[in-house]
Amino acid sequence: MRMRLFLTVGSQMPFDRLTAAVARWSREHPGHEVVAQVGRTALPRAELQGLDWTALMAPADHSARCAWADLIVAHAGMGSVLTALDHGKPLLVMPRRGALRETRNDHQVDTARRLRQWPGVAVAMDPPALAAMLDRWCAHGWVAPRPDAGPRPERQRLIDHLGAAIRNGRRRAG
């Protein structure tokens with residue numbers, strides 16, 4: 001199955017481990033369209049081969065790519081998760097790791113573990129698992145229950161939970 005994949009690593013920082021894994025997979029599986037928003041990556045251009053990439057995207061361009069994609073691959077950031085849900089697109093996430101200095105702590109690992117139960121979200125904890133899920137998706141279709149667009153009670157609970165966590169975090173930081 002020919003796939004249109006959109007990789008997004010968020011706007012705050014690059015995620016070179018994820019970017020390299022998707023680029024490697026794309027080179028090994030020619031024939032798929034892979035568009036990527038990679039942040040200010042430190043990867044050499046040779047490692048980005050296989051991707052139609054840009055560092056950052058305007059919000060309208062990002063939204064258009066999400067709408068275009070058959071599958072969104074992203075870090076386990078809540079903006080990416082909510083965007084995929086808003087577009088009714090399946091999402092494959094790989095969390096940033098604090099121990100690898102990809103983020104300040106393992107909050108994305110915790111988020112990814114919780115996301116495993118959400119319809120339309122699949123989680124790969126490392127590059128080999130990510131490649132295996134992409135292979136399975138191409139061969140058999142989606143690897144998790146497909147999301148439905150539009151409001152759902154569990155989506156609203158997630159939004160409410162995230163809003164409370166953000167507000168509590170701001171109070172502690174302030």
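Here are a few questions and answers on a helix pair and a pocket in this predicted model.

Local features need pLDDT of at least 70 and side-chain atom pairs 80 or more, while totals for chains, interfaces and linings use all residues. Numbering runs from 1 along each chain as its sequence is written, and side-chain values use heavy atoms, leaving out hydrogens and water.

Q: Why are α1 and α5 called oblique to each other?
A: Helix α1 (residues 16–28) and helix α5 (residues 127–140) pack at about 40°, with axes 10 Å apart. Under 35 degrees is roughly parallel, over 145 roughly antiparallel, 65 to 115 roughly perpendicular, and the rest oblique. So the pair comes out oblique.

Q: What makes up the contact of α1 with α5, by class?
A: With contact meaning heavy atoms within 4.5 Å, Arg 17, Leu 18, Ala 21, Val 22 and Trp 25 in α1 meet Pro 127, Leu 130, Ala 131, Leu 134, Asp 135 and Cys 138 in α5. Ala, Val, Leu, Ile, Met, Phe, Trp, Tyr, Cys and Pro count as nonpolar, Asp, Glu, Lys and Arg as charged, and the others, Gly among them, as polar. That gives nine nonpolar, no polar and two charged residues.

Q: Which helices supply at least two residues each to the lining of the largest pocket?
A: They are α2 (59–68), α3 (78–87), α4 (107–115) and α6 (153–173). The largest share, seven residues, comes from α6.

Q: What is the lining of the largest pocket like by class?
A: It has 14 nonpolar, 18 polar and five charged residues.

How values were computed:
Axes fitted to C-alpha atoms, helices over the stretch in contact; angles between N-to-C directions. Helix = DSSP H or I, 4+ residues; strand = E, 2+ residues; numbered from the N terminus.
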